Amino acid sequence: MKRALGALAMVLALTHGAGAMVLELRHGVGLHEWLNWAPLAQDGSYRWPPYHTEEEWLSGYRPLSDWPAGDEFKRIRAMGFDFIRLTVDPGPLLDSTGGRRQEALDVLSKALRRVTAAGLRVVFDLHGVTQVPAYSMDLVNGGADSAGIRGYERMVADVAGMLVTIGTDKVAIEPYNEPAYYPCDAGGSDDWQRIMATTVAAVRKVSADLTIVATGACGGDVTGLVDIDPSFDDPNIYYSFHMYEPHSFTHQRLDDPKAFASGLPWPADKGSRETVLDNLRGHMRAAGLTQAQQAADIAAVSDAIDDYFGKGWGPAEVERRLGEAVAWAQKHNIPSKRLFMGEFGAMLMSADGRSGAFDADRLRYLAAVREEAEHYGIPWSIWEYSNPFGMSVIEPKGPAVPDMKLLEALGLEPQVQ
């Protein structure tokens, strides 16, 4: 079955893809808080027409008055980014058909034209979320032969048709974000391979020229990427992976909002286990934790700290991990510039020290990952533009200005004050 689907996709590519050229992408930023988490009515259904307005997005986590006057997308372009990876809740599209779906597509088309008018390209990322369970990623993870996947692929084709009207020189489609299928179909299933192949074929029936961003299973990481058989390849496809490794560094926090997990250095040899623990105890004392509470918290993070220093994470490990993606591309005669590092980032330490990395460590990490990707000509998208959760290009509080040290670590030369 896998071989037959691959052959079908290849025939479609050869028949319809002559002359197609991948959309040029270099330096991007994820924008997650505008068209994702589509607002709900009181009864739990999607508000209609769907999606947030620009004002609702900008005022979501801070007063609208914090934002400077003018076109926010032109500001993004002036920071040095050439594209936005725009995450879009597929729920309203899956919850509608016919004219009602067209209403949702019209809202999205208008939003895309706002962005592209500022000189930015767009990776249109269908990014399932959990708020309406029927349309969460559980639908995607239900198996290649499920009715959910067939309906999802029809929706993707409708989106592709809308994107073509914007211009294939301006937009690309990324049909899936971080699909599960753990552990990369190692149990013998070829479900994700089949889903990706049939989704590519569905888009190609609509357009030979629309750039597709394909992704692997395993949450979309490098391991998932190298598990793909790209028999459906054509010159107009990027292959995505997300880089949050080691996760113990990029996402330093615990599930308990009162707990402390922060301060791992980058690279590991820039610090020590003892220094990390001393800093944690200092944050805990400042927060008024008792000795018993401190001991319990330290016990909860000790194994992760030991593992981090034991593995000696640093640039060599980043090189090795990205090297796996490059080796996969070489094996399949895919130029490394058609790989796509669709997300990377690291949490900045919170003011109370409960989570995140010191700024100097975060910036060293981001620079190391970005430079390694650029060494192979791999386009990248930083996660993400504006939020209060520690991964943000815009400062999390106060006037909505860019973090200039972060832009510097990304190698950008902004045309902003």
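**Exercise 1.** Is Tyr 365 buried or exposed? Work out which aromatic partner it has and what the pair connects.

*Solution.* A caveat before starting: this is a predicted model.
- Step 1: the cut-off for buried is under 20% relative accessible area. Tyr 365 comes out at 0%, so Tyr 365 is buried.
- Step 2: look for its ring partner. Tyr 365 pairs with Phe 249 in a tilted arrangement, 5.2 Å centre to centre and with 45 degrees between the planes.
- Step 3: Phe 249 sits in helix 10 (residues 247–250) and Tyr 365 in helix 14 (residues 359–375), so the pair links distant parts of the chain, 116 residues apart.
- Step 4: widen the view. Phe 249 and Tyr 365 belong to one aromatic cluster with Trp 266, Tyr 308 and Phe 309.

**Exercise 2.** Describe the aromatic pair of Tyr 152 and Tyr 176, and say what it ties together.

*Solution.* 
- Step 1: start with the count, which is 19 aromatic pairs.
- Step 2: take the geometry. Tyr 152 and Tyr 176 are stacked, with 5.0 Å centre to centre and 15 degrees between the planes.
- Step 3: locate both ends. Tyr 152 is in helix 7 and Tyr 176 is in the loop between strand 4 (171–174) and helix 8 (191–206), so the pair ties together parts 24 residues apart in sequence.
- Step 4: check burial. Both Tyr 152 and Tyr 176 are buried.

**Exercise 3.** Which residues touch the most other members of the largest nonpolar core? Then pick Met 341 and list its contacts.

*Solution.* 
- Step 1: the largest nonpolar core holds 114 residues, and those touching the most other members are Phe 73, Phe 81, Phe 241, Leu 339, Met 341 and Tyr 385.
- Step 2: ask who contributes. Helix 7 (residues 147–166) gives the most to this core, with 9 residues.
- Step 3: zoom in on Met 341. Leaving out residues up to four places away in sequence, Met 341 touches Phe 241, Met 243, Leu 322, Val 369, Ala 373, Ile 378, Pro 379, Trp 380 and Ser 381.
- Step 4: A second, separate one has 9 residues, including Leu 23, Phe 83, Ala 172 and Tyr 238.

**Exercise 4.** Characterise the largest pocket, then look at Glu 178 and Trp 383 in its lining.

*Solution.* 
- Step 1: the volume is about 830 Å³.
- Step 2: 31 residues line the largest pocket, and Glu 178, Tyr 244, His 251, Glu 343 and Trp 383 lie nearest its centre.
- Step 3: sort the lining by class, which gives 13 nonpolar, 11 polar and 7 charged residues.
- Step 4: check the backbone at Glu 178. Its phi is positive, near 45 degrees, in a residue other than glycine. Glu 178 lies in the loop between strand 4 and helix 8, and at 32% relative accessibility Glu 178 counts as partly exposed.
- Step 5: now Trp 383. A cis peptide bond joins Trp 383 to Glu 384, with omega about -15 degrees. Glu 384 is in the loop between strand 10 (380–382) and helix 15 (404–409).

**Exercise 5.** How many cavities of 30 Å³ or more are there, and what lines the largest one?

*Solution.* 
- Step 1: the count is 3 cavities of 30 Å³ or more.
- Step 2: the largest cavity has about 90 Å³ of space.
- Step 3: its lining is Glu 33, Trp 57, Leu 58, Tyr 61, Arg 62, Trp 67, Ser 386, Asn 387, Pro 388 and Pro 396.
- Step 4: by class, that lining is 6 nonpolar, 2 polar and 2 charged residues.

**Exercise 6.** Where is Arg 338, and which residues does it touch?

*Solution.* 
- Step 1: Arg 338 is in the loop between helix 13 (315–331) and strand 8 (339–344).
- Step 2: with 7% relative accessibility, Arg 338 counts as buried.
- Step 3: not counting residues up to four places away in sequence, Arg 338 touches Val 22, Asp 233, Asp 234, Pro 235, Ile 237, Tyr 238 and Tyr 239.
- Step 4: Asn 333 is in the loop between helix 13 and strand 8, but at 70% relative accessibility Asn 333 counts as exposed.

How values were computed:
Residues numbered from 1 in each chain as written. Predicted model: local features only at pLDDT ≥ 70, side-chain atom pairs only at ≥ 80, totals over all residues. Heavy atoms only, no water. Core = buried A, V, L, I, M, F, W, Y, C linked by side-chain atoms within 4.5 Å. Buried < 20%, exposed > 50% of the residue type's maximum accessible area, 1.4 Å probe, protein only. Helix = DSSP H or I, 4+ residues; strand = E, 2+ residues; numbered from the N terminus. Contact = heavy atoms within 4.5 Å. 1 Å grid on protein atoms, 1.4 Å probe; cavity = no way out; pocket = protein on both sides within 12 Å on 5 of 7 lines; lining within 4 Å. Points joined across faces, edges and corners; volume = space filled by probe spheres on them. Nonpolar A, V, L, I, M, F, W, Y, C, P; charged D, E, K, R; others polar. Phe/Tyr/Trp six-rings, centres within 6.5 Å; stacked < 30°, edge-to-face > 60°.
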